[in-house]
Amino acid sequence: MNGDEGGVEYHSNALRGPANAFGLALAGGPLERLLDGRKRQVFANLPETVLEIGPGVGANFRYMHTGTKVLAVEPNSAMHSRLQTAARRYGIELELHCSAAEALDVPDGSVPMVISSLVLCTVQNPSRVVAEILRVLETGGRYAFVEHVAAAPGSRLRRLQHTVRQPWAYFFEGCSCERELSALIRAAGFAAVELVEYSAGPRWLPVHTQISGVAVK
Ligand SMILES: C[S@@+](CC[C@H](N)C(=O)[O-])C[C@H]1O[C@@H](n2cnc3c(N)ncnc32)[C@H](O)[C@@H]1O
């Protein structure tokens, strides 16, 4: 267990926490090839300070300028050494917060940019996380995301996402393939939301239904 600052508890299993960190490092190359086009669009022109929720082992540092200050909110401490190595590799100034994004330890209206990739599927309470993102952004600040979401209701893929939900959540530390994140982000209270829905990867993959976009406060 770690990262219970701000009254939100985050539980990482002693075996699956490190296993997920190892898995992310291993899957990093193929995953990046799959998502690179989307990420290049929404993570273009990142400012000098970025808050990233759930950065894992640092897959998104490559989209930042050398010298960027990253407030990295990563509650799984098994990710940290790889995250620090990635920060050194890309010349990132890392400020590591070992806490859950449901309670960001950051003042209101204090950051110009928040990013996430494949994180809202895993957090305990995605509505609360998006409310926190909105709280910490400056007026005019941006939230850029690449996330996987639920397939259309009644579709074969949606049934598969439902069928695999328990083992999937067990192995991937709470990850759900059934979250309707487009509606959640649109309803959160941003001044503007630009969002696209698309398919990434093979059709049998429970996480191939995805969204990417930018929301402005
Ligand atoms: C599937 S990984 C994605 C990692 C990285 N963003 C990427 O694209 O490679 C999900 C990440 O979210 C983190 N996470 C889980 N619950 C969280 C929470 N409540 N707040 C912040 N991060 C969380 C996990 O520790 C993990 O690093």
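Predicted model: local features only at pLDDT ≥ 70, side-chain atom pairs only at ≥ 80, totals over all residues.
**Notebook: sheet and cores**

Stepping back to the whole sheet, I read an open arrangement of 7 strands with mixed pairing, in the order β3-β2-β1-β4-β5-β7-β6. At its edges I found β3 (93-97) and β6 (192-199), each of which has a single partner strand, so one side of each is left without a neighbour in the sheet. From one strand to the next, the twist averages 15°.

I then turned to helix α2, residues 80-90, which packs on the sheet and touches β2 and β3; the direction of α2 makes about 160° with that of β3.

My next entry concerns the largest nonpolar core, which has 28 residues, and in which L51, I53, L120, Y143 and F190 touch the most other members. Among the elements that give two or more residues to this core I listed β1 (49-53), β4 (111-117), β5 (137-148) and α6 (181-186), while α3 gives the most, with 5 residues.

Which residues does Y143 touch, leaving aside those up to four places away in sequence? I found V114, I115, S116, L120, I133, L137, I185, F190, G213, V214 and A215.

Last, I looked up a second, separate core, which has 20 residues, including M64, L83, I115 and A144.

Notes: Residues numbered from 1 in each chain as written. Heavy atoms only, no water. Core = buried A, V, L, I, M, F, W, Y, C linked by side-chain atoms within 4.5 Å. Buried < 20%, exposed > 50% of the residue type's maximum accessible area, 1.4 Å probe, protein only. Helix = DSSP H or I, 4+ residues; strand = E, 2+ residues; numbered from the N terminus. Contact = heavy atoms within 4.5 Å. Pairing = 2+ DSSP bridges. Axes fitted to C-alpha atoms, helices over the stretch in contact; angles between N-to-C directions.
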